[in-house]
Amino acid sequence: MPQVKPKKALGQHFLTDLSIASRIASTLDDYSGLPVMEVGPGMGVLTRFLLDKGHDVTVAEIDTESVEYLKENFPALDGRIVEGDFLQLDLNEFYNGRECCVIGNYPYNISSQIFFHVLDYKDIVVCCSGMLQREVAERLAAPPGTKARGILSVLLQAWYDVEYLFTVSEGVFNPPPKVKSGVIKMTRNGVTDLGCDPVLFKTVVKATFGQRRKTLRNTVKGLVPAGTQLPADDPLLAKRPEQLTVSEFVELTNIVTTLRNDSK
């Protein structure tokens, strides 16, 4: 069967270097007993290594041409191809609440959305790894005090240990992207309770990074009733969002909760 034609609208850049595909597949070596969901397999360059390693693989593919290619060339995937958008897939329902892993050479144009979606299933996704645009990969793993740190950095690192593993050059793709790629691995940490309201935590993170040049004292004002007096000497409020650790964001969320309750 002819090769699948990469489609710009789907953000497809097919990896052609088998050694890199093998390295990405090896990120799940410690999870051989868990089912694996591969996102956007394309022509199966990563799928091949996952199957060779004995993983229980299901693939989610939105491109009908890729689906036909996989059906013809990967008989082991019979009944294991989800034809549709991973972003619409309910992993809890699909795996009946069972723990699983997610992996992929993720489409650049929706990679952030994919990780927000994974975050919705943090209770069952114990490991998520793969390749995405280097800038985004660096952002996910960015530590406090770095310019790359953003909303996804904090939200993911609250629940996962995020590692930036290695960089991939433009020349090993068809077609070559205009930017380098990065491979990351996220491993579920031991946190089951953040120690604050998780919904408000997410709101606080998004609100503060939405005005990242301002100090927290200024952005927090928009999260509490007008006229609320903020703590005068709390050094936390003098910082900017990218400077905060996850635990400091938890502390900030609890400050907002207290201020809201006191104003009632």
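**Sheet, helices and cores**

Serine 66 is found in helix α3, which spans residues 64-73; helices (H or I, at least four residues) and strands (E, at least two) are DSSP runs numbered from the N terminus. The model is predicted, so local features need pLDDT of at least 70 and side-chain atom pairs count only at pLDDT 80 or more, while totals for chains, interfaces and linings use all residues. Residues are numbered from 1 along each chain as its sequence is written, and side-chain values use heavy atoms, with hydrogens and water left out. With 0% relative accessibility, serine 66 counts as buried (under 20% relative accessible area; exposed is over 50%, partly exposed in between; 1.4 Å probe, protein chains only).

Turning to the sheet, seven strands form an open arrangement in the order β4-β3-β2-β5-β6-β9-β7, with mixed pairing; two strands pair if DSSP finds at least two bridges between them. Because β4 (81-83) and β7 (160-168) each have a single partner strand, one side of each is left without a neighbour in the sheet. Strands β2 (residues 35-39) and β5 (residues 100-105) pair in the parallel sense over four bridges, and valine 39 has glycine 104 of β5 as its bridge partner.

What lies in the nonpolar cores? The largest has 57 residues, and Phe86, Leu91, Val102, Phe115, Val125 and Phe201 touch the most other members. A nonpolar core is a set of buried Ala, Val, Leu, Ile, Met, Phe, Trp, Tyr and Cys residues joined through side-chain atoms within 4.5 Å. Helix α10 (residues 246-262) gives this core its largest share, seven residues. A second, separate core of 35 residues includes Ile24, Met43, Val168 and Val172.
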